[in-house]
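Here are some notes to read alongside the structure. Keep the view open and follow the points in order.

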Amino acid sequence: MKSTLDESQPIFHQISMMIMDDIVEGRLQAEEQVPSTNELSRFYNINPATARKGLQELVDRGIIYKQRGVGMFVAKGARDALLVERKQHFYEEYIMPLLEEARRIHMNEDMIIDLIKGKRDKESES
């Protein structure tokens with residue numbers, strides 16, 4: 001997890017995003033325990049209710065689950081579900097706008113692929 005929080009988004013959302021990042025990147029595995037509300041609140045010097053809200057967001061989405069008296073754990077299949085979700089988000093937020101702009105400036109598929117690969121030609125520079 002990141003060592004600091006910022007003002008760009010609500011803190012509870014940053015907490016849930018950091019845990020999801022850890023799951024996607026393999027730092028947290030299925031059935032592994034996630035940091036507790038108290039651990040998060042101490043580490044980030046935040047209100048325990050804020051940390052709890054971030055964790056509850058993940059429970060509500062089925063990404064983690066509570067085991068009474070023990071803690072919260074990464075749900076089986078959480079990484080795969082998050083990867084599917086993030087790929088869809090990537091497509092909608094980055095690829096679709098890229099393709100729309102490419103059509104507007106008359107770029108074909110080969111030109112787009114060349115740019116992605118870092119190749120530039122005279123026509124793409126003009």
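**Notes on the pocket and the helix packing**

1. Start with the largest pocket. Helix α3 gives the most to its lining, with three residues. Keep in mind that this is a predicted model.

2. How much space lies in the largest pocket? About 260 Å³. The pocket is lined by 15 residues, and the closest to its centre are K66, Q67, V70, G71 and M72.

3. Now sort the lining of the largest pocket by class. Seven residues are polar, five are nonpolar and three are charged.

4. Next, the helices. Two packed helices are described by the angle between their axes and by the distance between those axes. Look for both values in each pair below.

5. Take α1 (residues 11-24) and α3 (residues 48-60). Their axes lie 8 Å apart, and the helices pack at an angle of about 50°. The two are therefore oblique to each other. The crossing of α1 past α3 is right-handed.

6. Which residues of α1 meet α3? They are I11, F12, H13, I15, S16, I19 and M20. On the α3 side, the partners are T50, A51, K53, G54, L55, E57 and L58. Eight residues of this contact are nonpolar, four are polar and two are charged.

7. Helix α3 also packs against α2 (residues 37-44). The axes of α2 and α3 come within 8 Å and cross at roughly 125°. This pair is therefore oblique, and its crossing is right-handed.

8. In the α2 and α3 contact, α2 supplies T37, L40 and S41, while α3 supplies P48, A51, R52 and L55. The classes here are four nonpolar, two polar and one charged. Find A51 and L55 on the model: both meet α1, and both take part in the contact with α2.

9. The last pair is α1 and α4 (residues 78-104). Their axes come within 9 Å and cross at roughly 105°. Angles of 65 to 115 degrees count as roughly perpendicular, so α1 is roughly perpendicular to α4.

10. What makes the contact between α1 and α4? From α1 come M17, M20, D21, I23 and V24, and from α4 come A78, R79, L82, L83 and R86. Seven of these residues are nonpolar, three are charged and none is polar.

Definitions and conventions
Residues numbered from 1 in each chain as written. Predicted model: local features only at pLDDT ≥ 70, side-chain atom pairs only at ≥ 80, totals over all residues. Heavy atoms only, no water. Axes fitted to C-alpha atoms, helices over the stretch in contact; angles between N-to-C directions. Helix = DSSP H or I, 4+ residues; strand = E, 2+ residues; numbered from the N terminus. Parallel < 35°, antiparallel > 145°, perpendicular 65-115°, else oblique. Left-handed = near helix turned anticlockwise from the far one by under 90°. Contact = heavy atoms within 4.5 Å. Nonpolar A, V, L, I, M, F, W, Y, C, P; charged D, E, K, R; others polar. 1 Å grid on protein atoms, 1.4 Å probe; cavity = no way out; pocket = protein on both sides within 12 Å on 5 of 7 lines; lining within 4 Å. Points joined across faces, edges and corners; volume = space filled by probe spheres on them.
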